[in-house]
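Please find below a colleague's note on the structure shown here.

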Amino acid sequence: MGRSSPGRLSLRNRLAALFFAITFVAIAALYLYVAPGLQTRLIDQKLGGLASAAQTYSGEIAGTVGSNAPQSVLRNQVDAAGLASGDRVTLLLVMHAPGGLQLSTEADSSKLAAAPPLSFPVAYRTVGSGRSATGTERAGDSTIAEAAYPIEFGGRVGAVVVYSAPVSDIVRSVSIVRHEILVAGGIALLLALVGGFVVARRVGQRVKRLELAAQKVAAGQFDQVIPVDSSDELGQLAVAFNEMQRQLAQLEEARKKFIATASHELRTPIFSLGGFVELLEDDDLDAETRRRFLEQLSEQVERLRKLSVDLLDLSRLESGSLELRPEQVDLGELTRSVSGEFEPTLAQHDSHLELRLASRRIEAQCDPVRVAQIMRILIDNALTHTPPGTRIVVTAAREDGDIRLAVRDDGTGIAPGRISRIFEPFYTADDAQGSGLGLAIAIELAERMSGRLSVRSVPGETTFALEIPVSGRPAQSRTEPPSFPP
Ligand SMILES: Nc1ncnc2c1ncn2[C@@H]1O[C@H](COP(=O)(O)OP(=O)(O)O)[C@@H](O)[C@H]1O
Ligand SMILES: [Mg+2]
């Protein structure tokens, strides 16, 4: 039995772990992907701003560099560009020395002594490519965004204007955001773990309740009604489970009743047999009495034989193990021969049987042995449950796609209050001393043939009709529990 062992990951723990994992992944994605992406985007934006400022404000400087204008003019222009753009503007002169490139600061809009000394890596790139460039540089513990604008004279890049601004506030803001994500994430994780555990525990308890109830059912107890406390999937499962229990209890009840009745039915003839055997042991019995006893004895043996065959048939029908052997059958012929079997009994009973067969051949795909069995049960009933001298009419006809075999008698009929029960096993509606199994077997057989057995009875006319399909569709295998017809 599936008891949760400590080594196994219970549904509860698994659900809680899943909650936790999902939250964890979401937070990790925020922290590792969204926050850095934000920083990159903000810095890119800043670099774009610097580059467009460089385009906008460098024109005058470009015109002056390389001319003979005094340095003070150049300085003023750099200051003016710094003021207009709001960025730090630095003018660098390029010297193509034999040892490599050298840049020297010609003018700087930042007059602050605190202005960090910058090495301007973007300026070198601009000289190399001859085109504008942007980039960042670390100076001390701050990050500087830079855009370099090349100025050409004498056929090559002779000077570079660099627009720069610190982006430390961006970096700081993003790092605050990351910190906040961590804190909020920690809280969310905790909530997910606790929440997941609580929800999962609730689910786990409900599943456990079902498991316990199922164990009780397995042990034969059907009184564990599970409270239906919600309409979700587990609630529906509980409803289905309760319904299953109800049906099982009903079946169990029917089974017990069946067994009790069956053993009672078997016991009666066996006791009576024992009685006769004892009587026969008496040596003083005259031949006539002995013959009478032996006759009774063989009657009881016959009754027992019939009962055991019927019980076996019924149990095989209800368990679905009775196999039909369908073949092409001439049902007119079959009806005639079954009716013929009853001639001696009919004579004893002073009864008369009339056969009414359709003029056309009535053929169908069915198991002849089982159809004959049903016919025998019906004709036997028409003889044993009616007064002597009864007229019996047996008809066989074809009615749109179905074959209809009917047995009608003009006996006293079945009381309306009892007719609904005559198909139950062991139910007898009169004192004819039958076992009550005949119609129960007949209706099960009819159903197995995808057919129908029906009855109509008024005083003076009782008709049992069996309808079976001509095509002999295979009876669907019965999946629902055996039911006793009403
Ligand atoms: N043709 C009939 N006329 C009157 N009653 C009938 C007829 N057929 C069946 N019954 C009633 O239905 C009951 C059930 O029939 P059945 O299952 O064959 O059991 P059994 O014949 O062993 O009594 C019978 O006991 C009888 O009361
Ligand atoms: Mg009968």
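**Notes on the predicted model**

1. The domain assignment, whose bounds come from an automatic or database source, divides the chain into domain 1 (58-109 + 116-166), domain 2 (233-317) and domain 3 (323-469). The model is predicted: local features need pLDDT of at least 70 and side-chain atom pairs count only at pLDDT 80 or more, whereas totals for chains, interfaces and linings use all residues. Residues are numbered from 1 along each chain as its sequence is written, with chains lettered from A and ligands numbered from 1 in the order in which they are written.

2. On overall form, the chain has a radius of gyration of 52 Å, while a compact globule of 486 residues would have one near 23 Å; the value is taken over C-alpha atoms, and the globule rule is 2.2 Å times the number of residues to the power 0.38. Along the principal axes, the C-alpha atoms fill a box of roughly 160 × 55 × 40 Å. Of the 486 residues, 26% are buried (20 or more other C-beta atoms within 10 Å of the residue's own; exposed means 12 or fewer, and partly exposed in between; C-beta atoms are placed from the backbone).

3. The chain contains 12 helices and 12 strands, defined as DSSP runs numbered from the N terminus (helices H or I, at least four residues; strands E, at least two).

4. Between the centres of domain 2 and domain 3, taken over C-alpha atoms, there are 24 Å. Contact between them involves 8 residues of domain 2 and 9 residues of domain 3 (C-beta atoms, placed from the backbone, within 7 Å). On the domain 2 side, α6 (233-280) and α7 (287-319) each supply at least two residues, and α7 gives the most, with 5 residues. That side divides into 4 nonpolar, 1 polar and 3 charged residues (nonpolar: Ala, Val, Leu, Ile, Met, Phe, Trp, Tyr, Cys and Pro; charged: Asp, Glu, Lys and Arg; polar: the others, Gly among them).

5. The largest nonpolar core has 41 residues, and those with the most contacts inside it include Leu-331, Ile-374, Ile-379 and Ile-441. A core here is a set of buried Ala, Val, Leu, Ile, Met, Phe, Trp, Tyr and Cys residues joined through C-beta atoms within 7 Å. Among the elements giving it two or more residues are α8 (331-341), β9 (391-399) and β10 (402-409), and the largest share, 8 residues, comes from α10. Leaving aside neighbours within four places in sequence, Ile-379 is in contact with Val-338, Ser-339, Phe-342, Ile-392, Val-394 and Val-407. Another core, of 33 residues, lies apart and includes Ala-107, Ala-145, Val-157 and Ala-159.

6. Which residues come nearest to ligand 1? Of the 22 around it, they are Asn-381, Ala-429, Gly-434, Gly-438 and Leu-439 (a residue counts as near if its C-beta atom, placed from the backbone, lies within 6 Å). The elements that give two or more residues to this shell are α10 (368-384) and α12 (438-448). By class, the shell has 10 nonpolar, 10 polar and 2 charged residues.

7. Most residues other than glycine have a negative phi. Asp-350, not a glycine, has a positive phi of about 65°; Asp-350 lies in the loop between α9 (343-349) and β7 (352-357) and is exposed, with 10 other C-beta atoms within 10 Å. Ser-450, also not a glycine, has a positive phi of about 60°. Ser-450 lies in the loop between α12 and β11 (452-458) and is partly exposed, with 16 other C-beta atoms within 10 Å.

Conventions. Two residues are in contact if their C-beta atoms, placed from the backbone, lie within 7 Å.
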